[in-house]
Amino acid sequence: MASGSNPDSMDTDPPGGLSIAVEHNPPESRLLQLGVKSWPKWGCPTGKFPVKFDARQTCYLLKGKVRAHIKGSSECVEFGAGDLVVFPKGLSCTWDVVAAVDKYYKFDSS
């Protein structure tokens, strides 16, 4: 059975087996454990942007709101300020940025 707080065990995969895992408002202790504030920062304005993840990315949104439309699926995942989000390697999606984004991010080396 999947646990809502463990992105590795989410069972809501769209066709192709790739899905975006969102952890809403994780506790500060989790952010400290991950070292989020030592990650690089990135931001973008409102608009629509195609994105392909060549490596697994974890990010923590400081501000903004995004609707991510997964390529080849009818799935749309919404996330925003205060969310910890994991994008699997190989995922293609379009970001519909409805409020400008500011985030910390890191790519897994594997």
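The model is predicted, with a mean pLDDT of 88 for the protein chain. Its largest pocket holds about 190 Å³ of space, and strand 7 gives the most to the lining of that pocket, with four residues.

**Largest pocket**

- The lining of the largest pocket is made up of Trp42, Cys44, Phe49, Val51, Lys52, Phe53, Asp54, Gln57, Trp95, Lys103, Tyr105 and Phe107.
- Two or more residues of this lining come from each of strand 2 (41-44), strand 3 (47-52) and strand 7 (92-107).
- Sorted by class, the lining of the largest pocket has eight nonpolar residues, together with one polar and three charged residues.

**Strand pairing around strand 7**

- Strand 2 is paired with strand 7 in the antiparallel sense over four bridges, and within this part of the structure glycine 43 has aspartate 102 of strand 7 as its bridge partner.
- Strand 3 also runs antiparallel to strand 7, to which it is joined by six bridges; valine 51, which is among the residues lining the largest pocket, has cysteine 93 of strand 7 as its bridge partner.
- Strand 4, which spans residues 57-70, pairs with strand 7 in the antiparallel sense over twelve bridges, and tyrosine 60 has tyrosine 104 of strand 7 as its bridge partner.

**Aromatic pairs**

- The count of aromatic pairs comes to six, and one of them is formed by phenylalanine 53 and phenylalanine 87, whose ring centres are 4.5 Å apart and whose planes stand at 5 degrees, so the pair is stacked, the cut-off for that class being planes under 30 degrees apart.
- Because phenylalanine 53 lies in the loop between strand 3 and strand 4, while phenylalanine 87 lies in strand 6 (residues 83-87), the pair ties together parts that are 34 residues apart in sequence.
- Phenylalanine 53 of this stacked pair is also among the residues that line the largest pocket.

**Confidence of the model**

- Of the residues in the protein chain, 84% reach a pLDDT of 70 or more.
- Over residues 1-15, by contrast, the pLDDT is below 50, and this stretch has 21 contacts in the model beyond near neighbours in sequence.

Notes. Residues numbered from 1 in each chain as written. Predicted model: local features only at pLDDT ≥ 70, side-chain atom pairs only at ≥ 80, totals over all residues. Heavy atoms only, no water. 1 Å grid on protein atoms, 1.4 Å probe; cavity = no way out; pocket = protein on both sides within 12 Å on 5 of 7 lines; lining within 4 Å. Points joined across faces, edges and corners; volume = space filled by probe spheres on them. Nonpolar A, V, L, I, M, F, W, Y, C, P; charged D, E, K, R; others polar. Pairing = 2+ DSSP bridges. pLDDT = per-residue confidence, 0-100. Contact = heavy atoms within 4.5 Å. Phe/Tyr/Trp six-rings, centres within 6.5 Å; stacked < 30°, edge-to-face > 60°.
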